[in-house]
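Here is a short briefing on one structure. Look at the model, then read the points below.

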Amino acid sequence: MLELKEGVRHPVDFILNGKPARGLAEPRMLLSDFLRQELGCAEIHVGCEHGVCGACTVLIDGIPARSCLTLAVQTAGRTVETVRSLAAEDGALSDLQEAFRRHHALQCGYCTPGILMSAEQFLRERADPSEQEVREMLSGHICRCTGYVGIVEAILETARSRAGAR
Amino acid sequence: MKPKPFTYLRPADINEALQALARIGEDARILAGGQSLLPMMNFRLAQARALIDISRLAPLAYIRKTAGEIEIGAATTQAQLLAWPQLGDATPLLSAALPHVGHFQTRSRGTVCGSIAHSDPASELPLCLATLEGKVVLRSSKGERVLPAAEFQTGMLATARRPDEVVVAVRFPERKQGAGYAFMEMAQRHGDFAICAVAAVVSGKTTRLGVGGVADKPTVREWSGLPNGELDDALNDFAWELGGTDDHHATAAYRRELVRRLGRRAIEEAAKCSS
Ligand SMILES: Cc1cc2nc3c(=O)[nH]c(=O)nc-3n(C[C@@H](O)[C@H](O)[C@H](O)COP(=O)(O)OP(=O)(O)OC[C@H]3O[C@@H](n4cnc5c(N)ncnc54)[C@H](O)[C@@H]3O)c2cc1C
Ligand code: FES
Ligand code: FES
C-alpha cells in the first residue's frame, strides 16, 4: 500500500501538457495549487475551491475534472492538460480559441481556461452537438461576464467547421 | 479553503483498504470521487487523519447484471453508469435521474457508491435507491452484510455504515415488466442539488412515490388501489408529513407545493409508461 505521510512533501511525477513534469506536494495540496504554485501554471484559475465555478477545470487522462477537487498526489503517473496545450508551439491559437475570440466569448477571461478544456473534450466526443447539449455541458461552468451566448455560438461554430473539414 | 493535513493511503486492493480502515478507525475516510468529501475538507467542515483512496481500484469499477439486479461497484463513476448502453432498458429511473447529478465535469469523478455513502438528503441516487428498494453491500475486515436502502439510510448525511466498513457495491432492482417509471426535480439551475426531487413507480394498481430534498432523507410512500380523485389529497397529506423546513433555497410551503405538483406529474408520467 502506498502511504504518503502528512506534513511531508512528496515527489509527484506526471505528464503535463505532453511533457514529463515533477513537483513536490504534501498529501493535502490540491492539484490547482500544485499546478499554480509548484509548476508556475498561472493559466489555472481558482474561483471557488468547491467544484462549483469550473474555472479550475483541466483534463486528467483526457477527461474534464476539477483541479480544486483533486489531490496533487492523485495525479502521479497520469496526464494533465491545461489550456496551454491548445495553442500551437508558436502561440497560434486553436480553432476553438479563435472562435471564442471572434464571438466575444470572453471578457475578463477568468472562466475561459476551464471552459475551453471542457469544450475541447466535449467536441472530441460529439461531432454534431445541439445547442441544448452545449448548454448542459456549460452548466458546469460559471461566467459572470458574457451571458454565455457568445460561448455557445463559438462552440457550435467550431463543431460545424470541424465537421466540414472531415 | 485548504484541507487540514492528512496522510494519503492508496491501497493496492480492497483488502488493504479494509485493513487500513480497521487499523485507523473513525479518523480515516474513504476517498472515492472526492466531489463531496474534498469540498467539505476544503471548507474544514470535515477532517480526517487519513484518506484511503479507492478511486483507482479497477476490480471495483464494474456494472454487473445479476438475477433481477444491477450491481454497481464502488469505483464506478456516475459518468460510466450514464454511458452504460443498457441503462435505459435495465433501470429507466436511474437513466432519467443521473443527468441531474451535478455536471459532466463532476460526474467524471463522482462515484455512484460515493453518492449513496454520502447520503445528502437532496441527492438523486439515494432517492432512486430508496424508491426502488435497492440494497447496499457493506464489507469490513470481519465480513460482509447487505442492507436494504431503508435500513441503510438513517438521516441527513447519516447511514448505518460502521466506521470500519466500505460500501463495496450497491444493487438496484431491474425494471419490472409492465411498470412505469418517472423522475423529476426542481433545482435552481440544471445540475444543482434538488430543492425537491420525486421518483414515481406505477405498477398495476400500485403507485409509489419517493421524495428527496424535503425530509432529512429520501422518503417513500406507496398507495394501492387509490382512486384517481383521491390522489391530490394523498399527495397533500404526504407533503405535510415530510415536514420540510425553510432555508435559503426555498420555503417549507414552496417545498410542499412541489411535492404536490411534481408528485402528480411524475405519477401521471409513470402511469403513461406502464402497461
Ligand atoms: C458542483 C457540484 C455539484 C453537485 N451536484 C450534485 C447534485 O446535483 N446531486 C448529487 O447527488 N450530487 C451532487 N454533487 C456531489 C456528487 O458529485 C458526488 O460525486 C457525490 O455526492 C459523492 O461521491 P464521490 O464519489 O465524489 O464521493 P467522495 O466525495 O469521495 O466521498 C463522499 C463521502 O462518502 C464517503 N464514501 C465514498 N465512497 C465510499 C465507499 N465506497 N464506502 C464508504 N464510504 C464512502 C467518503 O468517505 C465521504 O465521507 C455535486 C458536486 C459538485 C462539486
Ligand atoms: S475553483 Fe475549482 S471549480 Fe471553482
Ligand atoms: S469572461 Fe469573465 S467570467 Fe467569463
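**Domains and ligand at a glance**

Domain 1 of chain A and domain 2 of chain A bury about 1,200 Å² between them, with 59% of it on carbon and sulfur atoms. Buried area is the accessible area (1.4 Å probe) that two parts lose on being put together, summed over both. This is a predicted model: local features need pLDDT of at least 70, side-chain atom pairs count only at pLDDT 80 or more, and totals for chains, interfaces and linings use all residues. Residues are numbered from 1 along each chain as its sequence is written, chains are lettered from A and ligands numbered from 1 in the order written, and side-chain values use heavy atoms, without hydrogens and water.

**Two domains of chain A**

- An automatic or database assignment gives domain 1 (10-84) and domain 2 (95-165) in chain A.
- The C-alpha centres of these two domains lie 22 Å apart.
- Contact (heavy atoms within 4.5 Å) takes 17 residues from domain 1 of chain A and 13 residues from domain 2 of chain A.

**Ligand 1**

- Ligand 1 lies between chains A and B.
- Of the 35 residues around ligand 1 (a heavy atom within 4 Å), those that come nearest include Ile30(B) and Glu124(B).
- A polar backbone atom of Leu37(B) is 2.7 Å from a ligand 1 oxygen atom.
- The side chain of Gln78(B) has an N or O atom 3.1 Å from an oxygen atom of ligand 1.

Conventions:
A polar contact is a pair of N or O atoms within 3.5 Å; within protein, one must be able to donate a hydrogen and the other to accept it, and residues adjacent in sequence count only if both atoms are side-chain atoms.
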